[in-house]
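Subject: Structure handover

Hello,

The structure is below, and my notes on it follow. Please read the two together.

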Amino acid sequence: MDDATRTDSGDQRRGACGACTPPWPTPVACAVVALMFCGMVATHVLGLEDIVTKAAYSALFQFTLVYAITRMCKARQQTTQNDTGYERLSSDIDERVVDVADNDAREEEEDACEQPVQRPRQLYLDVCKAALTALVVLHHCTCVFANNSWYVLLPSKSSILAKVTNSVLAINQSFFMSCFFFISGLNTWSSLRRKGAAAFLSDRFWRIGLPLLVFSMAVSPACQTFVEVAIARRPRPGPYQANPGVCWYLFWLLLFSTSASLFDSARFHSSAPPPSTNLRIYVGAGAILGFVQIFQLVFLTGGSFFSMPLTIGSLTMDVPFFCLACVAGNHDGWIDSFVERIRMRRATIHLANVALASFCVISIALLDLKSLWGSVFSIAIGVQCVTMSMGVLDLSRAVADLLGDDSAWLKFFASHAYAVYLVHTPVINATVLAVAPLIEWWQGSALAWSTQGVVSANITDANVAAVAYVIVVVVAQAGSWSFAWFFRTYVPYVRHII
């Protein structure tokens, strides 16, 4: 291969890399993201959120459908070309191998637009994602018995169980989705630098947009019909209604990823040392987020904000955590040094988590959160969001070090966590269907299911409700991970997406 050919090849690669660099200056990208968020708030306040959401899902459906078909056709065409050209390529491979090796070596030296090397996987982050996914399953099982936003509800007259379930929900809501966004944002800009904006968004729409559409358009409506017909035994189900359900997280992750692609991540890349883990700094940051959360709870009403539940630890925590993760993950070695410093102060962090969780439980059980104590509670939740996330990262690192890199259990839970997030909704509903006859037998009377609206029935015996809650949690956890394994193993093409 001559020098002219190598020069042309290098110029083409540099041109492709330059095309991947976003043309948006940082101030313009910040303005666009800010205007987009302000527009979302305005549509929510004006009551236009449903119309805008339906239009967004319609556009996303059409785009993702066309993209999925195009990607499958290209994959099939590539496979055909590889099969037909195998003999021709193998016939002259011996005479080309020296030129190819020499060309690659020269291009690596001359290429001014060299892509970053992919970082090795950090196993403790995989452990953290698996643990948070298990908490998601626990959280939604608890929603069934806490009478809190699920497809089917089984509240009881037991005040003790109600306080326990509400405390579990409050502690989980304070940090677990924010921690999810933090982990997702850590590799966002490094992935953008490595792939380029176009390939990055292409991968995100394939792995996030397609499951989001399938769940919103098919799985969630099917779950609603299932609980109405199979559990409540209604003669006719309600009208079809697309609903993202638990996959609101995927919608917002796709929105965050699209916003991040507007920025030139290379400008923010640095090897600066990580910030300090001084607890006073993080307590202050958490308190500020908790204070801002008061305004969210007062002014952003309606139950959800573009599918995101408007509860404690939601919007005002999720957005800063993702932004912090993007900046932190863009500094080489930041997260590893950060977790190592947390390990040196783990006793203080975990004691703070115990104290804050205890305050959360006491506040829900004894205090009037509609009074001034509600503001104090919100600020404490902001602090708890930060310290709980630090505690989960520390425990995940300890588990990863204990199990080791070759642990089959670690690999299993890490590889199936995303699938569990997608399939646990129908598994929980099926578990409730299986447990309902046992509840009726234990309490000696039939469950009086509601005839319209949300599917619900009161459990009259408090002891039966407590036992049923434990059974649903255990069976749903085991069933979700088992079904996720089956789904990824035996359903074609699923493993390539999730």
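**Salt bridges**

Lysine 129 and aspartate 126 both sit in helix α6 (residues 123-146), 3 residues apart, about one turn of the helix. Helices here are DSSP runs (H or I, at least four residues), and strands are too (E, at least two), all numbered from the N terminus. This is a predicted model, in which local features need pLDDT of at least 70 and side-chain atom pairs count only at pLDDT 80 or more, while totals for chains, interfaces and linings use all residues. Residues are numbered from 1 along each chain as its sequence is written, and side-chain values use heavy atoms, with hydrogens and water left out.

The side chains of lysine 129 and aspartate 126 form a salt bridge at 3.6 Å, N to O. The term requires a side-chain nitrogen of Lys or Arg within 4 Å of a carboxyl oxygen of Asp or Glu. By that rule there are 5 salt bridges. Lysine 129 is partly exposed at 31% relative accessible area, whereas aspartate 126 is buried at 6%. Buried means under 20% relative accessible area, exposed over 50%, and partly exposed in between (1.4 Å probe, protein chains only).

Helix α16 takes part in two further bridges that I looked at. In one, aspartate 394 pairs with arginine 346, with the closest N and O atoms 3.0 Å apart. Aspartate 394 is in α16 (residues 372-403) and arginine 346 is in α15 (residues 346-366), so this pair ties together parts that are 48 residues apart in sequence. Aspartate 394 is buried, at 3% relative accessibility, and arginine 346 is partly exposed, at 33%.

In the other, the side chains of arginine 397 and aspartate 401 meet at 3.6 Å, N to O. Both residues belong to α16, 4 residues apart, about one turn of the helix. An α-helix has 3.6 residues a turn, so residues three or four places apart point the same way. Arginine 397 is partly exposed at 22%, and aspartate 401 is exposed at 55%.

**Aromatic pairs**

Rings of Phe, Tyr and Trp (its six-membered ring) pair if their centres lie within 6.5 Å; planes under 30 degrees apart are stacked, over 60 edge-to-face, and the rest tilted. The count by this rule is 23 aromatic pairs. One of them, tryptophan 334 with phenylalanine 338, is stacked, at 4.6 Å centre to centre and 20° between the planes. Both residues lie in helix α14 (residues 334-344), 4 residues apart. Tryptophan 334 is buried at 5% relative accessibility, and phenylalanine 338 is buried at 5%.

Phenylalanine 413 and tryptophan 481 make an edge-to-face pair, 4.9 Å centre to centre with 80° between the planes. Phenylalanine 413 is in α17 (residues 408-443) and tryptophan 481 in α18 (residues 462-490), so the pair links parts that are 68 residues apart in sequence. Phenylalanine 413 is partly exposed at 30%, while tryptophan 481 is buried at 8%.

One aromatic cluster is made up of Phe180, Phe181, Trp248, Tyr249, Trp252, Phe256, Phe305, Phe306, Phe322 and Tyr421.

**Helix α9**

How many residues of α9 (residues 188-195) are buried? The count is 6 of its 8 residues, namely Thr188, Trp189, Ser190, Ser191, Leu192 and Arg193. Their cover includes α8 (176-186), α10 (197-231), α11 (248-260) and α13 (315-329), where contact means heavy atoms within 4.5 Å. Just after α9, glycine 196 has a positive phi of about 90°.

Regards
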